[in-house]
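Reader: I have a model open and would like to go through it piece by piece. Can we start with the strands and then move to the helices?

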Amino acid sequence: MKSKSVRHDSEDLKGAVWEWADRIGVTVREVHLRDMRRKWASISTSGRLTLSTDLLNLPEALREFVIVHELVHLLAPNHGRVFKSFMSAYLPDWEERQHHLQILPNA
Ligand SMILES: [Zn+2]
């Protein structure tokens, strides 16, 4: 398997954000990649998404989970029932992915 450049990977990551925003029907205005200690991502109510560069080291399924989680926050601000039902609608196995993310050894 050929390893891809970081630049190519960050373009893939942003591309996945646009695809999911379109699918979920939310507006993302800006996507930033940055070193974020202790967080994978954050999103503002105005649609400004910040992703941790650590995501570039994660398997695609986990990156996708983080992206969908943040975008669903544009529909449901907290992690209540509405949030969970959107997650299940878009990523039926989201709880399993969340679990994998939580048991990753800290870098
Ligand atoms: Zn959240």
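Author: What follows goes through the sheet, then some loop residues, then the helices, in a predicted model.

Reader: What is the strand order in the sheet?

Author: The order is S1-S3-S2, in an open sheet of three strands with mixed pairing. S1 and S2 (41–43) are at the edges with a single partner strand each, so one side of each has no neighbour in the sheet. From one strand to the next the twist averages 15°.

Reader: In which sense do S1 and S3 pair, and over how many bridges?

Author: S1 and S3 (residues 48–52) are parallel, with five bridges between them. Valine 31 has leucine 49 of S3 as its bridge partner, and arginine 34 has serine 52 of S3.

Reader: And S2 with S3, parallel or antiparallel?

Author: S2 and S3 run antiparallel and are joined by three bridges. Alanine 41 is bridged to leucine 51 in S3.

Reader: What sits between S2 and S3?

Author: Four residues, in a hairpin; glycine 47 in that turn has a positive phi of about 90°.

Reader: Which residues of S3 are on the covered face, and which on the uncovered one?

Author: Leu49 and Leu51 are on the covered face, while Arg48, Thr50 and Ser52 are on the uncovered one. In a regular strand the side chains alternate between the two faces of the sheet.

Reader: Back to S1. Where is glutamate 30, and is it buried or exposed?

Author: Glutamate 30 lies in S1, which covers residues 30–34. Glutamate 30 has 10 other C-beta atoms within 10 Å, so it is exposed.

Reader: What does glutamate 30 touch?

Author: Leaving out residues up to four places away in sequence, glutamate 30 touches Arg48 and Leu49.

Reader: Loops next. What is the phi of arginine 38?

Author: Near 70°, a positive value in a residue other than glycine. Most residues other than glycine have a negative phi. Arginine 38 lies in the loop between S1 and S2. With 7 other C-beta atoms within 10 Å, arginine 38 is exposed.

Reader: What about threonine 45, buried or exposed?

Author: Threonine 45 counts as exposed, because it has 8 C-beta neighbours inside 10 Å. Threonine 45 is in the loop between S2 and S3. Threonine 45 and leucine 75 are 30 residues apart in sequence, and their C-alpha atoms are 9.5 Å apart.

Reader: On to the helices. Where is serine 10, and what does it touch?

Author: Serine 10 is in H1, residues 6–24. Serine 10 touches Leu33 and Leu56, not counting residues up to four places away in sequence. Threonine 53 is 43 residues from serine 10 in sequence and 8.3 Å from it in space, C-alpha to C-alpha.

Reader: How exposed is serine 10?

Author: Partly exposed: serine 10 has 16 other C-beta atoms within 10 Å. The cut-offs are 20 or more for buried and 12 or fewer for exposed, so a count in between is called partly exposed.

Reader: Now H2. How many residues, and how far does it reach?

Author: H2 has 13 residues and reaches 18 Å from first C-alpha to last, close to the 18 Å expected at 1.5 Å a residue.

Reader: Why is H2 called largely enclosed?

Author: Because ten of its 13 residues are buried, H2 is largely enclosed by the rest of the structure. The buried residues include Arg63, Glu64, His69 and Glu70, along with Phe65, Val66 and Ile67.

Reader: How do H2 and H4 cross?

Author: The axes of H2 (residues 60–72) and H4 (residues 94–102) come within 9 Å and cross at roughly 110°. The two helices are therefore roughly perpendicular to each other.

Reader: Which residues make that contact?

Author: From H2, Ala61, Leu62 and Phe65; from H4, Trp94, Arg97, Gln98, His100 and Leu101. The residues of this contact divide into five nonpolar, two polar and one charged. Phe65 is also on the list of buried residues of H2.

Conventions:
Residues numbered from 1 in each chain as written. Predicted model: local features only at pLDDT ≥ 70, side-chain atom pairs only at ≥ 80, totals over all residues. Axes fitted to C-alpha atoms, helices over the stretch in contact; angles between N-to-C directions. Parallel < 35°, antiparallel > 145°, perpendicular 65-115°, else oblique. Contact = placed C-beta atoms within 7 Å. Nonpolar A, V, L, I, M, F, W, Y, C, P; charged D, E, K, R; others polar. Expected span 1.5 Å × (residues − 1). Pairing = 2+ DSSP bridges.
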